[in-house]
Protein chains: 2
Amino acid sequence: MAAKLSLSEVRREYDVLKERGMHLDMSRGKPSEAQLDLSNPMLRVFDDGNFVSENGMDVRNYGEFKGIPEARRLFAEIFDVPAEQVLVGGNSSVNMISDSIKRCFLNGAMPGFVPWTKYGCVKFICPVPGYDWHFHFLDTMGIEMLSVNTLADGPDMDEIERLVKDPDVHGMICVPMYSNPTGITYSDETVRRLAAMETAAPDFRIFWDNAYCMHHLYDDDRDTLANVYTECKKYGHEDRVLMFTSTSKMTYAGGGICAMAGSLANINFAAGLIRYQLVTYDKVNQLRHTRFLPNKGAIAAHMRKHADILRPKFELVLERLEKELGGLGIAKWVTPKGGYFICFEAMNGCAKRIVALCEEAGVKLTPAGAPFPHGIDPNDSVIRIAPSYPPLEELAQALEVFTAAVKVAAAEKQA
Amino acid sequence: MAAKLSLSEVRREYDVLKERGMHLDMSRGKPSEAQLDLSNPMLRVFDDGNFVSENGMDVRNYGEFKGIPEARRLFAEIFDVPAEQVLVGGNSSVNMISDSIKRCFLNGAMPGFVPWTKYGCVKFICPVPGYDWHFHFLDTMGIEMLSVNTLADGPDMDEIERLVKDPDVHGMICVPMYSNPTGITYSDETVRRLAAMETAAPDFRIFWDNAYCMHHLYDDDRDTLANVYTECKKYGHEDRVLMFTSTSKMTYAGGGICAMAGSLANINFAAGLIRYQLVTYDKVNQLRHTRFLPNKGAIAAHMRKHADILRPKFELVLERLEKELGGLGIAKWVTPKGGYFICFEAMNGCAKRIVALCEEAGVKLTPAGAPFPHGIDPNDSVIRIAPSYPPLEELAQALEVFTAAVKVAAAEKQA
């Protein structure tokens with residue numbers, strides 16, 4: 001039951017903040033400058049003039065389009081699959097994902113399958129709220145997006161098991177751990193059911209964007225994610241899943257390296273096509289990264305430094321939300337244990353209004369609706385809070401505006 | 001008229017060389033270690049801790065998917081078009097080309113045009129001999145490749161003007177300057193005719209891979225290439241051409257940055273789709289490059305250093321070919337003024353045999369046929385010589401083997 005707010009009172013509170021004329025940005029999941037600085041020593045790894053990867057190749061030259069061995073091994077450790085099932089790419093896992101989907105359209109999901117352009121209709125399962133860039137890309141491909149609600153342990157599996165009986169449903173795209181933007185991690189049972197389910201389309205593929213797999217906020221309170229490839233293999237569906245990750249939020253955002261992993265059949269098929277769509281990925285940056293972060297342990301240690309910067313920001317947001325909005329019954333939010341976002345749920349019909357009020361008062365948020373296909377949140381209630389970029393003091397100011405705006409929007413709704 | 005060679009004599013000569021058990025590689029157009037070392041100072045441009053591009057953006061973070069302003073301006077100078085008609089990409093121009101072709105298939109050449117997947121048949125004009133990677137990629141797309149012979153001033157334009165009357169011909173792909181592998185540069189008249197010709201397909205596109213635009217061997221004896229975009233514009237065909245280049249053979253091969261340019265309509269259309277197929281290209285590497293090579297003049301100065309390393313290698317090859325094969329009437333070759341290749345033409349039916357003989361004697365060459373669609377040289381006569389990678393002494397040894405093999409193959413043919 002929502003508390004009755006006085007519109008004039010909350011409006012006055014908001015107007016005072018608006019007067020301050022702030023310019024703050026909580027719109028994107030970008031690392032802060034302090035986080036980026038953590039990786040600057042990486043730029044000095046070639047000071048000794050040694051450019052040779054462990055297989056004797058000069059990384060400044062062509063060759064090794066699958067990635068240098070040390071980089072394949074590093075990501076193999078992260079994905080928990082053999083290194084020959086890993087391809088290391090360029091600076092963008094989103095690009096590696098979009099490329100993989102394009103290959104399905106142009107060349108088929110694997111040898112023996114029809115290119116998806118031959119189908120009249122291609123539908124994808126899209127757990128919502130989700131990552132806006134995924135949905136934008138699917139839209140440019142003309143893919144019909146089927147929204148599936150996200151519950152505490154992952155997307156509604158009953159609904160997914162029902163949808164995959166449709167032979168037009170050829171794929172699913174998701175962020176399974178510390179999900180963008182919900183912050184939740186798929187339970188073992190969710191992963192198992194995704195692996196086990198029978199799909200009508202024989203070339204059904206899950207694009208498993210595991211962007212935040214190493215992004216824990218706490219040492220002693222962490223989510224864990226089951227190995228979806230191992231699960232798929234158990235049920236004879238080892239070709240079902242393509243896994244992706246990157247170092248964008250470990251080293252530099254858009255200046256890191258990315259990788260994909262899957263069954264040997266999937267990887268060999270992709271490699272055979274990637275080989276000719278480019279000559280090589282940037283192996284200088286691959287070696288730069290593996291010299292700086294040679295194994296999963298080194299990454300874990302490095303990510304602790306990120307967590308030390310991020311944790312106070314997440315805790316500040318959660319504390320302010322609780323203090324200003326707790327118990328009012330006009331909003332809900334998830335307390336994530338990692339990742340980059342806090343998913344805020346306002347009263348139905350309030351999200352756009354809240355974002356507009358914040359904007360008016362100089363605080364930029366991710367557009368309401370963005371985490372949904374076509375930018376349309378059916379309830380107009382979800383707002384993605386991205387606390388990573390602003391310094392702590394600015395974040396506190398932005399939160400003041402945000403909570404005031406939430407109250408104004410709720411009071412207007414109640415009026 | 002070919003000189004009559006004694007098979008036993010040339011065979012003996014070859015066998016002596018074979019005995020040496022060499023392991024030499026003239027197969028790929030790769031820069032040598034000395035060339036790569038020229039760019040190592042580039043890795044220190046961030047020693048001052050300044051990561052901000054001229055528009056105030058920290059290049060270690062997301063944003064600016066069209067490229068940082070200084071990089072767009074640099075390539076604008078190279079392409080000789082306004083900076084807003086340039087997109088700066090990642091490490092591979094081949095990838096930017098293949099991406100552009102995929103966009104034509106999936107989204108159409110521009111708004112208002114049908115995606116090429118809707119056509120029953122897509123044909124491309126392929127000047128031959130050409131770049132093997134282009135042909136491999138076109139093949140993965142199911143594109144029918146129409147070979148057009150290359151003459152001294154570019155591809156046979158009479159033939160091209162005839163072919164573009166076929167509405168299934170939607171594209172052409174070529175290396176117009178210091179061409180891979182012929183070494184020739186398209187004449188002004190060739191460029192003009194490519195720009196002026198009427199094509200049956202309204203969405204005909206030229207993929208202009210200007211990989212060697214700055215790769216002169218001599219200061220005082222250079223080819224020049226007309227601006228194909230300006231020419232196209234003159235004839236009202238400004239959307240016809242997409243131009244590409246990269247720094248792969250300026251800085252690091254596969255570790256550089258690339259760019260595309262074209263009409264504003266083409267660039268805006270591409271940008272609108274690229275925006276969602278990735279978040280950003282690697283701007284750290286973009287700024288690293290523009291700090292090291294801020295303008296065309298700096299690149300020209302840098303390329304002189306490359307030329308100083310490459311020139312003796314080219315001259316050695318040409319000298320040895322002339323000395324061993326000149327006047328025998330069993331081979332022809334082009335003397336290029338830049339680029340990475342010397343195109344060698346043996347007697348018909350000899351190319352595969354020569355490559356096999358070299359391989360037997362420990363000298364690896366580009367496979368015969370590689371510069372042709374499907375790897376089939378109809379005359380089996382063309383061999384691409386790539387002199388850049390081996391040190392001068394090794395190159396001399398490899399040339400001994402090569403010219404001996406040419407003589408053996410010719411003598412066998414005559415026998």
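Visitor: What do the side chains of B:R60 and A:D37 meet in?
Guide: The two side chains meet in a salt bridge, 2.7 Å from N to O. The term covers a side-chain nitrogen of Lys or Arg within 4 Å of a carboxyl oxygen of Asp or Glu. This is a predicted model, in which local features need pLDDT of at least 70 and side-chain atom pairs count only at pLDDT 80 or more, while totals for chains, interfaces and linings use all residues. Residues are numbered from 1 along each chain as its sequence is written, chains are lettered from A in the order in which they are written, and side-chain values use heavy atoms, with hydrogens and water left out.

Visitor: How many salt bridges are there between chain B and chain A?
Guide: Four. Over all chains the count is 52.

Visitor: And how many residues are in contact across the two chains?
Guide: 53 residues of chain B touch 53 residues of chain A, contact being heavy atoms within 4.5 Å. About 4500 Å² is buried between the chains, 54% of it on carbon and sulfur atoms. Buried area here is the accessible area (1.4 Å probe) that two parts lose on being put together, summed over both.

Visitor: Which three residues supply more than any other three of the area chain B buries?
Guide: B:R60, B:Y62 and B:Y276, with 18% of the area that chain B buries against chain A.

Visitor: Which helix of chain B gives the largest share of that side?
Guide: α4(B), with eight residues of the side that touches chain A. Helices are DSSP runs (H or I, at least four residues), numbered from the N terminus.

Visitor: How are the two copies related?
Guide: A rotation of 180° with 0.0 Å of shift along its axis superposes chain B on chain A, with an RMSD of 0.0 Å. That is the relation of a two-fold axis. In chain B, the C-alpha of B:T117 is nearest the axis, 3.4 Å from it. The superposition is by least squares on the C-alpha atoms of residues with pLDDT of at least 70 in both copies.

Visitor: Why do you say the copies meet through the same surface?
Guide: Because 100% of the interface residues of chain B are also interface residues in chain A.

Visitor: Switching topic. Is A:L138 buried or exposed?
Guide: A:L138 is buried, at 0% relative accessibility. Buried means under 20% relative accessible area, exposed over 50%, and partly exposed in between (1.4 Å probe, protein chains only). A:L138 lies in helix α5 of chain A, residues 132–140.

Visitor: What is A:L138 in contact with?
Guide: Leaving aside neighbours within four places in sequence, A:L138 contacts A:I101, A:F124, A:C126, A:I143, A:M145 and A:I173. A:I101 is 37 residues away along the chain, with 8.8 Å between the C-alpha atoms.

Visitor: Where do A:R103 and A:D99 lie?
Guide: Both are in helix α4 of chain A (residues 93–107), four residues apart, about one turn of the helix. A:R103 is buried at 4% relative accessible area, and A:D99 is buried at 5%.

Visitor: Which residues are linked in a network of salt bridges?
Guide: A:E13, A:K323, A:E324 and A:K407. Between A:E324 and A:K323 the closest N and O atoms are 3.6 Å apart. A:E324 is partly exposed at 25% relative accessibility, whereas A:K323 is exposed at 60%.

Definitions and conventions: Helices (H or I, at least four residues) and strands (E, at least two) are DSSP runs, numbered from the N terminus.
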